[in-house]
Amino acid sequence: MRQDINPASRRSIQDYQAATVMRAEHAEGSFTRLLEQQTAKIPSDFFLFASLCAMAFSLGAELTRRDRASRFVGMWVGPLLIMGVYNKMVKTFGAR
């Protein structure tokens with residue numbers, strides 16, 4: 001006899017009601033709209049290029065035994081790629 005991991009899983013699907021997409025209390029402020037408009041002007045390739053440069057510098061610094069600089073710049077790669085994804089989302093979905 002097969003046991004479900006979560007026996008209430010079917011019930012949660014049946015009781016689920018989709019939330020409204022936009023509510024007044026979730027509206028964005030003017031600063032956020034301004035930030036999204038300015039972010040959309042930056043080419044998406046910039047963030048990818050910047051993260052690749054950070055990786056290359058980090059590798060070079062690691063090979064020349066500059067450990068602190070290598071790790072400091074190496075930590076930039078993730079945030080740069082996340083900013084690139086944010087940039088692409090703003091361009092795709094637009095400033096709301």
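A word on the model itself. The structure is predicted, so to speak of local features takes a pLDDT of at least 70, and side-chain atom pairs count only at pLDDT 80 or more, while totals for chains, interfaces and linings use all residues. Residues are numbered from 1 along each chain as its sequence is written, and side-chain values use heavy atoms, with hydrogens and water left out. The mean pLDDT (the predictor's confidence in each residue, from 0 to 100) is 80 for the protein chain, and 69% of its residues reach 70 or more.

On to the layout. The protein chain has 5 helices and 0 strands, where helices (H or I, at least four residues) and strands (E, at least two) are DSSP runs numbered from the N terminus. The order from that end is α-α-α-α-α. Of contacts (heavy atoms within 4.5 Å) between residues at least 6 apart in sequence, 65% join residues at least 24 apart.

Next comes burial. Of the 96 residues in the protein chain, 16% are buried; buried means under 20% relative accessible area, exposed over 50%, and partly exposed in between (1.4 Å probe, protein chains only).

Then there are the aromatic rings. Rings of Phe, Tyr and Trp (its six-membered ring) pair if their centres lie within 6.5 Å, with planes under 30 degrees apart counted as stacked, over 60 as edge-to-face and the rest as tilted. By this rule there are 2 aromatic pairs. The ring centres of Phe-46 and Phe-47 are 5.4 Å apart and their planes stand at 80°, so this pair is edge-to-face. Phe-47 is buried, at 6% relative accessibility, whereas Phe-46 is partly exposed at 46%. Phe-72 and Trp-76 also pair edge-to-face, at 5.3 Å centre to centre and 75° between the planes. Phe-72 is partly exposed at 49%, and Trp-76 is partly exposed at 42%.

Last, the surface. Phe-31, Leu-34, Leu-35 and Tyr-86 make a nonpolar patch of about 410 Å². Helix H2 (residues 30–39) gives the most to this patch, with 3 residues. Leu-35 is found in helix H2 and is partly exposed, with a relative accessible area of 41%. Patches are made of residues with over 30% relative accessible area and no salt bridge, with like charges joined within 9 Å and nonpolar side chains (Val, Leu, Ile, Met, Phe, Trp, Tyr) within 5 Å; a salt bridge is a side-chain nitrogen of Lys or Arg within 4 Å of a carboxyl oxygen of Asp or Glu.

Key:
Accessible areas come from the Shrake-Rupley method with a 1.4 Å probe; for residues, only the protein chains shown count as cover.
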